[in-house]
Amino acid sequence: MLEMKRPFVLGKCSWITLCSVLLMFFGQCALAQIRYSVPEEVKDGTVVGNVAKDLGLDVYSLSQRRFRVSGMKEAVFEVNQNNGALFVHGRIDREQLCQGSGTCLMELKVLVENPLEVHYVVVEITDVNDHAPTFPKRNETIEIAEHTLSGKRFQLHSAHDPDAGMNSVRTYSLSANDHFDINIRETDGEKIPFLVLKKMLDREQSSEHFLLVTAVDGGKPQRSGTLNVTIIVLDSNDNRPVFSQEIYEITAKENVQTGSSIFKLTATDPDEGANGDIDYSLAKTLKQRIYDIFQLDAKTGVIVVKGKIDYEEKDFYELEMQASDKGTPPLTGECRVLIKIIDVNDNSPEIDVTSLSNTVSENSKPGTVISLISVTDKDSGVNGKIIAHITNNVPFELKPSYKENTYSVVTKDFLDREQVSNYDITIKATDCGEPPLSTTKTLSIQILDVNDNSPQFEQNPLYVYIVENNVAGTSLFSVTAADKDKNENADVSYSIAHTGQEKDVALFLNVNAENGQITALKSFDFETLKSFQFQVVASDSGTPSLSSNVTVHVFILDQNDNAPVILYPVSSNASAEGVEEIPRNVNAGHLVTKVRAYDADIGYNGWLLFSLQGVTDHSLFGLDRYTGQIRTLRSFTETDEAQHKLVILVKDNGNVSLSATATVLVKVVEPSEAFAASDVKSSTKDAEDTNVTFYLMITLASVSALFIISIIVLIAMQCSKSSTDYTSKYLQDTNYDGTLCHSIQYRSGDKRYMLVGPRMSVGSTIVPGSQANTLVLPDRRRPSEEVRFRMAVED
């Protein structure tokens, strides 16, 4: 019959308080132990008890929660995940599992997960009478002197029955005879039979006696074993050896070296000669294990250790010693030696890890349980007391459980996978022996990623420069953002943030969501739009998604896409033609007229040069290539023609130059005619030049204002830099004659870009040593020198 002992149940208030404390410190609440009872040798599948029912677990969730028995070295018991029953799985041999007559208990660790719970079930293996008592030998011979007095005791071999309790040896019986009774002495839980001489022997009547000793156990039905005892009657040796003590109590350390002597026995015999010559020996009825460990010197009585002593195997030995003389028959004295084994610290602690998983999420709160460990030490007392701790600097700690030497590995700080993606937790268990012994075990924990980092751009804001007249649909530039997370949490996509305004420039841009390539849907015109800005948003694919944005400042760079425009001369039909009259008596260097032109481009692309494409007499007229002034090269003679045609080419300095032409007709008149016509012409010419002069003044005023503002901003920006103070200087050209030109500045972070046109000194706008491209203007004294123009970049 199976027996189940219900768990001890605390009072309601006490139980709630206990669970609250356990939940606070260990993250779980374990029930009290459940105790069952089952006989040995029952059939496989025999149900011991319903653990799930007794623990109050939901039967339908057992499989999902991995309901199981853990920690058993041999699979003797299993649990049924369908109904929660604990059943026998294999042969149960109590004598093999638990040697001795004490209670045979097996402690099982029952685990369920989600949440983790550990319950302890104690199963008592009860004995059945499946063994009969047996003697180590079937026959035993005892020699007894004929003058042995009544009451003499003779020890017999003890019968051994591996069963326990009532099923072990209960009593001995002796066959009917006139001389002997049987007496039983119980020592160390073992019943030892003695033959007691109740009537003196007479060898002349009978030299041998044959007895039958029967050992009977207390089982139902009873089992028995027999021993044949032969008594040989000897002639008298009337003094037996006597030990100095009947019982000796000694101690020995378990690490005593083999071959060491631990005690010396002393016995005396008043007889002389052979009857007083003593030999020492161990009693023949001891267990074989004692003969393997101890040896007694027959001559000296010294007890020598010849085998390994292990305190954890047995901590106490009882030795029956005999001292026999050499008389005929020999007499024997007896004593007992009680050896207490002293424990030494010869066993290192053992660490058993019960891990649910080797991963933990980086957003786990401090106190999250990731593993359970238990430590054991085979030593006892102080040598078996264990202290466990984590040796390395990791964000984990050990929390003691309600059961001694059981711990939980919990997080003690917040985790960050981006800093440390895995941890090796080294657990060290040290006992309190002298010297202390220790054991280490390493747990490898992987940190799982969560989406806690938004994508980040390398530079914010971002400055980009593109050339005007770009082809619509082509890629302009790209943006890149990096995310410290991994997998889908680091998968970045890009989009453009729109303001919702009608004139939102971002409407004309498109971004590739995968690689961040920015494409323009239209062509930009520098003369219409010089700069704009927009925002690109980078979003990851985590849940929830995180994002960041970068502000992109776009600056349009000028191209030479505008041809020069002739401002003067302009005839009434809007053609670039004009007529100039000069007196014949003018000297060399006389200013005939000046060709004025304008270019909508800036800098190098808007810098104009003038040249003569056609002239009737090259010796009479010269053209300044920078100012467009036409002057006489010599005085006129009588043979010179009265009218000359000059074709002037005006071209800019772009990579592919654009140009325009103007035609000037110069009429040479007599001084009197020139003077008479000057009044009429001056009024006409003033009327014609009024509009041109007006527009020219407006243009010059605008350029001058832009120039002055640029100078002021440049000075302010340079003054704001504490490390370097650069002062811009502009060189004045004494020959400046009002030819229109442009300059424009861009600024990107700590860099300034300036495009310069004619009449500006580039050396004054570029700081020496700034790794800038240079603009070299020709010296007026060397008009043939090549003019070079580049973009200047300041750090």
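Biologist: Which residue in β50 stands opposite valine 647?

Modeller: Threonine 663 stands opposite valine 647. Keep in mind that this is a predicted model.

Biologist: How many bridges join β49 to β50, and do they run parallel or antiparallel?

Modeller: Strands β49 (residues 643-651) and β50 (residues 659-669) run antiparallel, joined by nine bridges.

Biologist: What's the strand order in the open sheet?

Modeller: The order is β43-β50-β49-β46, four strands with mixed pairing. At the edges are β43 (577-583) and β46 (609-615), each of which pairs on one side only.

Biologist: And what does the twist average from one strand to the next?

Modeller: The average is 30 degrees.

Biologist: Changing topic. Which residues form the nonpolar patch on the surface?

Modeller: Leu507, Phe508 and Leu521 form that patch. Together they have about 280 Å² of accessible area.

Biologist: Where does leucine 521 lie?

Modeller: Leucine 521 is in the loop that runs between β39 (517-520) and β40 (531-539).

Biologist: Now glycine 165. Where is that found?

Modeller: Glycine 165 is in a loop too, the one between β10 (153-155) and β11 (169-174).

Biologist: Why does glycine 165 count as partly exposed?

Modeller: Because its relative accessibility is 36%, and partly exposed covers what lies between buried, under 20%, and exposed, over 50%.

Biologist: What separation do the C-alpha atoms of glycine 165 and asparagine 129 have?

Modeller: Those C-alpha atoms are 9.7 Å apart, while glycine 165 and asparagine 129 are 36 residues apart along the chain.

How values were computed. Residues numbered from 1 in each chain as written. Predicted model: local features only at pLDDT ≥ 70, side-chain atom pairs only at ≥ 80, totals over all residues. Heavy atoms only, no water. Pairing = 2+ DSSP bridges. Helix = DSSP H or I, 4+ residues; strand = E, 2+ residues; numbered from the N terminus. Axes fitted to C-alpha atoms, helices over the stretch in contact; angles between N-to-C directions. Patch = residues over 30% accessible without salt bridge, like charges linked within 9 Å, V, L, I, M, F, W, Y side chains within 5 Å. Areas by Shrake-Rupley, 256 points an atom, 1.4 Å probe, with all protein chains shown as cover. Salt bridge = Lys/Arg side-chain N within 4 Å of Asp/Glu carboxyl O. Buried < 20%, exposed > 50% of the residue type's maximum accessible area, 1.4 Å probe, protein only.
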